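Reader: I would like a close look at one part of this model, with the terms spelled out. Please take me through how the pieces there sit against one another.

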Amino acid sequence: MHTAALIVAAGRGLRAGGGQPKQWRALAGRRVADWTVDAFARHPRIGAVRLVIHPADAGEVPAGLPWVAGGATRAESVRAGLEALEGAGVSHVLIHDVARPCVTSALIEAVLDALETHDGAAPALPLTDALWRGAEGRVTGIEPRAGLFRAQTPQGFRLAAILAAHRAHPGGAADDVEVARAAGIDVAIVPGDEANLKITRAEDFSRAENYLRGRMDVRTGNGFDVHAFGPGDHVILCGLRLPHDRGLRGHSDADVGMHALTDALYGALAEGDIGRHFPPSDPQWKGADSRLFLRHAAERVRARGYRLSGADVTLICERPKIGPHVSAMQAELAVELGIEPDRVSVKATTSERLGFTGREEGIAALATATLISP
Ligand SMILES: Nc1ccn([C@@H]2O[C@H](COP(=O)(O)OP(=O)(O)OP(=O)(O)O)[C@@H](O)[C@H]2O)c(=O)n1
Ligand SMILES: C[C@](O)(CO)[C@H](O)COP(=O)(O)O
């Protein structure tokens, strides 16, 4: 089963208001669409993610994410996305509203599991409130609610079957299960999730924000490193080569700042330290560029499903003077970490000529890293 996620995001979000389509608005520190895309991109059983957007929003699409232009209705947008998936080696597709950013990995898993034994599968919640008919502010009738469900997405199907069903449908369907049913496709109901709400009106933003913040996991790690001075004509600090009348001794390039930061990342993950991943006894790391270590730690952060929210490095030395190089160091570290430079802080202090740093016997570095998930 080679499954793609098709995320429909071509709507204008008129009911939510706010002056900008809801999918590009901020929610719990990221944009709505970023949460939704990420939930599928991180899922190990999803092979590809495709976005369907309004062409006017092309500048909003995350770098590298393939997109196609949608249509005037949700059904037209889904159809455009399905047509683009044909011939791309995809056997199954999960179709999801971008406006449901709180979708969990467990719900995606449940739909995928049901697809192993059914041609279609979708989450839904049984109605728990009484159902009335009403007109002009008065109750005009009571409707039986037994056997009624509130439909959610992702709705999963075999690609060929749902594409044929959309091609044959006259249009106007509320969702893809309606299209599938019209084509005779059997659809299994998997238990939906109250948190998987669709942001439709302005007030839904705060409900979604509460769900996302409520499940957020925050972890902090610290790192500390020291390298002694030895003969040489430069030091490497936070990725920058600075001319100096001495060098730093070490098995690798002795970038004490990068080492402290790398340890902070491993520490936040409770995955030991740099020596565990790159043993100094191993000759292959002799003279190694410390970017290698930092990149590995940053990759571990992503692989464990975390994002680096911020990092702070303090270099402790009398000389060389660090201040003039701070911005360049932040930029170097940000590139290796894959985050914005304003999430990385580099600062320096002397130790008032006290201790080994004060006597200029070496340089010390401290670092802190904060990781958040999802
Ligand atoms: N022409 C459209 C209309 C809707 N959608 C997508 O279908 C999902 C469900 O639609 P809805 O919540 O109604 O979103 P909007 O159409 O954006 O909202 P509104 O009806 O309030 O304008 C959303 O992810 C929306 O982006 C789409 O891709 N193309
Ligand atoms: C697809 C859907 O989210 C299932 O509940 C729903 O039908 C979308 O409805 P909308 O009127 O387009 O928001």
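Author: Helices (H or I, at least four residues) and strands (E, at least two) are DSSP runs, counted from the N terminus. The model is predicted: local features need pLDDT of at least 70 and side-chain atom pairs pLDDT 80 or more, whereas totals for chains, interfaces and linings use all residues. Residues are numbered from 1 along each chain as its sequence is written, while chains are lettered from A and ligands numbered from 1 in the order written.

Helix 2 (residues 74–85) packs on helix 4 (residues 159–168) at about 135°, the axes being 10 Å apart. Axes are lines fitted to C-alpha atoms over the stretch in contact, and angles run from 0 to 180 degrees between N-to-C directions. Helix 2 is therefore oblique to helix 4, a label for angles that are not under 35 degrees (roughly parallel), over 145 (roughly antiparallel) or 65 to 115 (roughly perpendicular). Helix 2 supplies Val78, Arg79, Leu82 and Leu85 to the contact, and helix 4 supplies Leu159, Ile162, Leu163 and His166; contact means C-beta atoms, placed from the backbone, within 7 Å. These residues divide into six nonpolar, one polar and one charged. Nonpolar covers Ala, Val, Leu, Ile, Met, Phe, Trp, Tyr, Cys and Pro, charged covers Asp, Glu, Lys and Arg, and the others, Gly among them, are polar.

Elsewhere, Arg215 lies in the loop between helix 6 (204–214) and strand 13 (217–230). The C-alpha atoms of Arg215 and Pro374, 159 residues apart along the chain, are separated by 7.7 Å.

Technical notes. Two residues are in contact if their C-beta atoms, placed from the backbone, lie within 7 Å.
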